Amino acid sequence: MAQNRQLLLIAVGIVAIIIVIGAIILATRGGEQPAPEEAPETPPAETPREEATPTPREEAPAKPELKPLTGNVEEDIVNIAKYLEAFGVKEVTYKVHGAGDPNSIMRVYGVVEAAARLNKILEENGMDLRINVEIVDFSARADEPAERFQQSFPLRQEADIIAVSFRWIATFAEEGYLLDITEYVNAYKNTELADYFESLWASVTYKGRIYALPQDTEARPLYIIRAVLECAGYDPDDVARRIDAGEITWREIFQIAEDVKEKGCAEWGVLHRKGTAHPDLVQFYYAFGGSFTGPDPEKLYLDVDALYKWLAVEYALARAGLTPENMMEWDWGKQIHPTVVNGNTAFWIGGVWHWTEWQTKKYFTDPQTGELRSLTPEEVKEKFAYSLFPAGEPGLKPVTLSQPFVWMISANAGKFNPNYEELKEAYHRIAFLLIVKANDPDLVAIHSIVSAHIPIRQKAAELMEDPEFLNKLATGNLDMFVSKEVANAFVEIAKKTAHPINIEFLKNTAYMLEYTNITPLHPAYQPLADIFKEAVDFVLKGQMTPEEATEYVLQKIRADPELAAMIEVRGEIPQGWSFP
Amino acid sequence: MSKTRILTLAFFLGPATALVVFFFVFPLILTIYISFTDMRNWNVERYANDIVGLKNYEALVHLSRYDPKFESAVITTIVFVTVTLFINVVGGLTLAILTYFLEERVSLSFRLLWLLPRMTPVAVYSLLWYYFFHSSNIGTLNRIFMSLGIIEEPIAWGSYNLPLGTWAILIFVNGLVGVSFGMIIFYSAIRSIPWEYIAAARVDGAGNLTLIRSIILPQLRWHIMFVTVWQMLSLLTTYAHIFLLYEWGTIDRIWGQTWSLLVFTTAFGDIKRQGLAAAAATVLVVIGIVLGLIALRLLGFQRMMTIPRGEI
């Protein structure tokens, strides 16, 4: 009995501790408990910024002031160097972290090269200051730099510059993790940044402030496997043209895929990415007229009609055996890419970067040797036609989706350098100039060619059409453009991918940007995309009907008060609508 | 109590008490505190003093009432913890006894083999089972069965006869990791049984079964209780392997989610809501305490603590 009582006392004691601590915390608030939905909207935290002209220390009144940015890189970096040198700073260091497929290493080496170029300017102007760039990592997983940045920022251990998807801007800006570069951009808008494609500024602007510079962008074409469609009696180029014209919608795609399968031309009709609904599959939502924006800029809108139709297409594709029921579980390297490049599907919902990925990775089984190898540019051109993502229904337009990669600067950029608190404005400006130089036209052109991404500025697009430039890149003569260290990093990739066919492909897909959608910079978007992923998986596997899966999405939103407060649900499941 | 006695007690109990305070009591208090804040995105500076009252607990109640997966998560948790716990304890005990009767060299290799799942990094171990149970013909299990002619088409094991297929994978993968824990504890305990007891039993003609029933098992009462309670609490909160298999699509998205994983995915989506996660953790601590106490009672902790009346 005594032991029983002891145990009981221990349990009561622990629960009491919890209650007492809770009570103390509540008491300190004077009993006020705002309901979650009544919580005031928090504006994006102001990034701590120094005055443009910091007051020099009292003991050094003669030291120069930091002059405002002029929009001329050479003048600005020399001014900053004079200012820092007056404080005895001769060396500054920045850390950069980027991610992507192996062909995208300019997402870190671009900044290394930028430092080399700024150092050259400093040297030519007789300045002693030198800028060092350390590469933290180049991660294969696209979100890794952002996740590590998020975790290490409170510890002040984050990278100074990261190259990540634009979608992180909302979360990071809300927390005050990013440097607000609006004023810097304004200084450079008419000079170095003048030829940036206008539409991309929306992807780096959050609540009216600019938090990043675009690094690259892309489109997501529907790849049409020529041999498969020809086998079933279709002209792939005609199909592509009619998709772009909006004449072929998802209903016709379904019929073609069914035909292909019936005739034994391919095992599958339509394949798409695994694992997540964002960003490729969200194109269905846009293709059926869905939108995430509405009258209230603070809210994320969800159109039930478009969501339902998207899920209905996936459901029908899987039931007809045109898309694998376990598509979301497929393996990229062992199943998805080999099935596509070996022509075992009629359509592939992919991205422009796959064009060169198929040329550098061994997904293709050579019919003669039986060995795995990569495709040549000629083979890729011969195997694939491409179009926009088809419209959902007649009357709607075909779409594509871009998810620009951007250069973000930490609000604490340059923190590892001497006398940071006093000199941080100068350090922040150097970080900004580093990303401006990392986007030099030739560097953007090189990155676009080797990684098959669409350039973010006009000058780079023009350079990509210059045969001399292309020839130097293709022959590995990279010292002409970049420092030895950077040249060594990607000479082999450049030799393989700098091919006229690839340039032609990028030119031919550039029009897609006119049809592109950029997913909203809203904190609720990613949680919502995670719910979409589950719903897609359920309908593919047949665990839920499109109606049930749509209701599931709505229930998940309702189950999270925070999400429910941020998302406005519009419309209803359409009555009498069916697919195919 | 004399000063000397207090000092002696402090000397012996001090280090352990300090460890418990530092690694359990302090984090618990911190967790409870965070659960009353709006902490998110690891932004301690901004949210450490942002007290939001019961908001996170209300969100949990809301979640339990409206989340379409809540019911399945609770059922999965009960099945997963109960069956895996049984396998961990009974399997660990069986392995320990088996290895005890083996020659030391063979026994050591055998035990090392069983420790592999625990020594392998979580991601690697999970990837292994991802490929093993893969639903297409790249899956090892499917290939084996197809080559033996047992099946003609690949089977989606994670979706097979739901929820049984998913539960079987969950229990199998986690059970293999957990069983080695019990094995190590039980084996060490058996080895520490005085040899005289074993020798005397043998002289009296005891066979292996009698030895196990009359000598080994009675001596392992404390250890069985410890392993049971410890493993139960571990299983209640574990999600690492489950999360990876869930993310990679090996297990079903409804029946493959335990309560801890449901909370993890809700609290650590794109917006990292540490406040909400801390509230869920606090609830789990309370549930853990209650279940631990129930287990102690069921396992006769009170009887074992009773001072013996003397040897007969």
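The centres of domain 1 of chain A and domain 2 of chain A, taken over C-alpha atoms, are separated by 34 Å. These domain bounds come from an automatic or database domain assignment. Domain 1 of chain A comprises 73-218 + 404-440, and domain 2 of chain A comprises 222-401 + 520-570.

The model is predicted: local features need pLDDT of at least 70, side-chain atom pairs count only at pLDDT 80 or more, and totals for chains, interfaces and linings use all residues. Residues are numbered from 1 along each chain as its sequence is written, while chains are lettered from A and ligands numbered from 1 in the order in which they are written.

Where the two domains of chain A meet, 10 residues of domain 1 are in contact with 10 residues of domain 2, a contact being two residues whose C-beta atoms, placed from the backbone, lie within 7 Å. Helix 5 (residues 169-175) of chain A contributes the most to the domain 1 side, with 4 residues.

Chain B contains 15 helices and 0 strands; helices (H or I, at least four residues) and strands (E, at least two) are DSSP runs, numbered from the N terminus. The C-alpha atoms of chain B fill a box of roughly 75 × 65 × 30 Å along the principal axes. Among contacts in chain B between residues at least 6 apart in sequence, 70% join residues at least 24 apart.

As to confidence, chain B averages a pLDDT of 88, and 97% of its residues score at least 70; pLDDT is the predictor's confidence in each residue, from 0 to 100. The model scores ipTM 0.77 and pTM 0.79.
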